[in-house]
Amino acid sequence: MTAERSLRSVFISGGASGIGLAAARRFRREGWTVGIGDVDASGMARAAAELDLWTAPLDVRDRDQWRAALAGFVAHTRGRLDLLVNNAGICRYGLFEEVSPTESDDQVDINVKGVINGAYAALPHLKATGGSRLVNIASCAGLVGSPGLAVYSATKFAVRGLSEALDIEFARHGVAVACVMPWFVDTPILDSGSSGTNKTIRDAIGNSPVYTADEAADVIWRAARGGERDYVVGKAARRLRFLSRFAPGMLRRRLKRAMATR
Ligand code: NAI
């Protein structure tokens with residue numbers, strides 16, 4: 001990282017791949033100081049070589065690692081944390097009984113507890129910075145209970161609920177909270193399956209649109225500065241949000257029909 005650091009700083013969990021990496025590229029392009037934390041050490045090294053990033057080993061399940069990562073990052077930014085993007089996540093695809101209890105635990109531990117851990121660790125730094133923000137990455141599976149992704153879907157509903165509540169609670173600290181809900185985005189997560197099936201998410205997508213990680217990063221960039229609480233990625237996501245609000249019965253019938261022809 002060069003000696004002349006920009007004023008705005010963002011830390012992105014799961015920044016070594018996919019949407020997190022695309023967001024890191026986007027924020028660097030905008031001149032922000034960017035830190036990433038990930039379990040994938042070699043992915044982080046590649047990202048740092050490409051982008052001039054600050055990196056920290058981070059398993060989001062580990063609260064001590066969260067504290068150390070953010071303390072190191074704010075030491076690097078001379079005290080500022082303008083934005084935490086709680087992005088790290090995993091997915092196990094399959095019918096409920098095809099996904100093992102352990103695989104379900106992993107999703108809850110990383111996608112829910114990992115996000116909560118990040119919020120706890122970041123809050124003192126976000127408060128100290130002021131005018132700062134927390135952006136949590138949920139999913140369209142957090143808008144509508146999604147067959148084949150039942151537990152994943154539950155974790156993303158949890159992230160939405162957490163974001164709604166914290167947006168109200170953290171306002172008194174001058175910290176805004178936003179939630180980003182992508183439709184399918186072309187990243188390695190689409191190759192996820194589970195121990196009980198040979199199918200992956202990619203096999204199940206069918207004719208559905210798939211958006212790029214850059215499109216998701218554009219929305220994260222908007223969420224970092226805009227005044228909304230909820231952001232969706234992709235036209236298909238906007239349609240789903242509309243149906244879930246105004247035609248939930250029709251949506252349910254559609255999902256049941258699709259399940260019957262699986
Ligand atoms: P990805 O698999 O490309 O990236 C996920 C990153 O999280 C990886 O770098 C991985 O090493 C890291 N990670 C996994 N477990 C971790 C842990 N315990 N601690 C720290 N880092 C960990 O996947 P993608 O698509 O970029 O996912 C990013 C977020 O976007 C996730 O929360 C995912 O649920 C969400 N999302 C993705 C969609 C998609 O279609 N790609 C759709 C909706 C939401």
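**Salt bridges, pair by pair**

Modeller: Asp64 is exposed, with a relative accessible area of 51%, where buried means under 20% relative accessible area, exposed over 50% and partly exposed in between, computed with a 1.4 Å probe on protein chains only. This is a predicted model, in which local features need pLDDT of at least 70 and side-chain atom pairs count only at pLDDT 80 or more, while totals for chains, interfaces and linings use all residues. Residues are numbered from 1 along each chain as its sequence is written, and side-chain values use heavy atoms, with hydrogens and water left out.

Asp64 forms a salt bridge with Arg67, their closest N and O atoms lying 2.5 Å apart; the term stands for a side-chain nitrogen of Lys or Arg within 4 Å of a carboxyl oxygen of Asp or Glu. Because the two are three residues apart in helix α3 (residues 63-76), about one helical turn separates Asp64 and Arg67, helices being DSSP runs of H or I with at least four residues, numbered from the N terminus. Arg67 itself is partly exposed, at 49%.

By this rule the count comes to 13 salt bridges. Another of them joins Arg26 and Asp218, with 2.3 Å between the closest N and O atoms, and this pair links distant parts of the chain, 192 residues apart, from helix α1 (residues 18-29) to helix α7 (residues 213-223). Arg26 is buried at 13%, whereas Asp218 is partly exposed at 35%.

Arg80 and Asp82 also meet in a salt bridge, at 2.7 Å from N to O, and together with Arg8 they are linked in a network of salt bridges. Here Asp82 is buried, at 2% relative accessibility, while Arg80 is partly exposed, at 24%.
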